[in-house]
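Hi there,

Here is the structure I promised to pass on. Could you open it alongside this email and follow along as you read?

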Amino acid sequence: EIFKTKLLLMGKDVDIIMSKVMDDKQMLAIMDLLETTCIYCPYYFSHFLALRIVQLSISHGVSVNTAYGFAYYSCILCHLGDLCNASKYAKFALDIMQRMQARQKYCRVYSCLYSMTFLKTNHMHSCLDPVLKAHRDGLKAGDTAHATVCAVIYCNIAFRCKKKLSLVKK
């Protein structure tokens, strides 16, 4: 599935991917189901679902779920050691989320990207503020599960950056 996804993405930039927006209600429901299942299923199975989100986005157009699919795909690539493409598709995820105005997905996408890809491709200190913002935005949006994940990621990064506990507490 990873190879199939790489082949589908070959030579495509974010503008090409964004050129088609998904409007089929059945496909939109499938994308929502894939993303939700991806979040709550076992780790080894969620890879396939995230890859399917990316594949369907390429063949049927992008949706608000596409950003999460690309974020997860970038984490898979990062885990495999392909940091160059991981960074590229992490930026795709952020760009797609912004263009689709998918503010409700902000916390999910950031929790995925800042737990893996951006920690390996950016300076750790630069990850603190975006994760904290994602935590706060997640609470505002009612996504308490991913807001909590962002809080945990923030504490982890702050600890690794040797931040004082009194500053983290705020």
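This is a predicted model: local features need pLDDT of at least 70, side-chain atom pairs count only at pLDDT 80 or more; totals for chains, interfaces and linings use all residues.

A term to settle before we start: buried means under 20% relative accessible area, exposed over 50%, and partly exposed in between, with a 1.4 Å probe and protein chains only. Helices are DSSP runs of H or I with at least four residues, strands are runs of E with at least two, and both are numbered from the N terminus.

Residues are numbered from 1 along each chain as its sequence is written, and side-chain values use heavy atoms, with hydrogens and water left out.

Let me begin with helix H4. In H4, Ser46, His47, Leu49, Ala50, Leu51, Ile53, Val54, Gln55, Leu56, Ser57 and Ile58 are buried. The helix covers residues 43–60, which is 18 residues, and spans 26 Å from its first C-alpha to its last, close to the 26 Å expected; the expected span is 1.5 Å times one less than the number of residues. The cover over its buried residues includes helix H1 (2–9), helix H3 (25–40) and helix H5 (66–79). Glycine 61 follows H4 and has a positive phi, near 110 degrees.

Next, H6. With 17 residues, H6 reaches 24 Å from first to last C-alpha, close to the 24 Å expected at 1.5 Å a residue. Its buried residues are Ala86, Ser87, Tyr89, Ala90, Phe92, Ala93, Ile96 and Met97, and their cover includes H1, helix H2 (14–18), H5, H7 and helix H8 (117–121). Glutamine 98 also has its place in H6, but it is exposed, with a relative accessible area of 62%.

Rings of Phe, Tyr and Trp (its six-membered ring) pair if their centres lie within 6.5 Å; planes under 30 degrees apart count as stacked, over 60 as edge-to-face and the rest as tilted. By this rule there are eight aromatic pairs. One of them is tyrosine 89 with phenylalanine 92, which is edge-to-face at 5.1 Å centre to centre, with 80 degrees between the planes. Both residues lie in H6 (residues 83–99), three residues apart, or about one turn of the helix, and both are buried. Phe70, Tyr73, Tyr89 and Phe92 form one aromatic cluster.

Which residues does serine 74 touch? Counting contact as heavy atoms within 4.5 Å, and leaving out residues up to four places away in sequence, serine 74 touches Ala86, Tyr89, Ala90, Leu113 and Thr117. Serine 74 lies in H5 and counts as buried because its relative accessibility is 0%.

Serine 111, in helix H7, is also buried, at 7% relative accessibility. Leaving aside neighbours within four places in sequence, serine 111 is in contact with His146, Val149, Cys150 and Ile153. From aspartate 23, which is 88 residues away along the chain, serine 111 is separated by 27 Å between C-alpha atoms.

Two loop residues deserve a look on the backbone side. Most residues other than glycine have a negative phi. Glutamine 101, in the loop between H6 and H7, has a positive phi near 50 degrees, and it counts as exposed because its relative accessibility is 67%. Lysine 162, in the loop between H10 and helix H11 (165–169), has a positive phi near 60 degrees and is exposed, with a relative accessible area of 73%.

Finally, the largest pocket. A pocket here is an open set of points on a 1 Å grid over the protein atoms alone, where a 1.4 Å probe fits, with protein on both sides within 12 Å along at least five of seven lines; lining residues have an atom within 4 Å of a point. The largest pocket is lined by 20 residues, of which Tyr43, Tyr68, Tyr72, Cys112 and Ser115 lie nearest its centre. H3, H4, H5, helix H7 (106–115) and helix H10 (144–160) are the elements that give two or more residues to that lining. The largest share, five residues, comes from H5.

Best wishes
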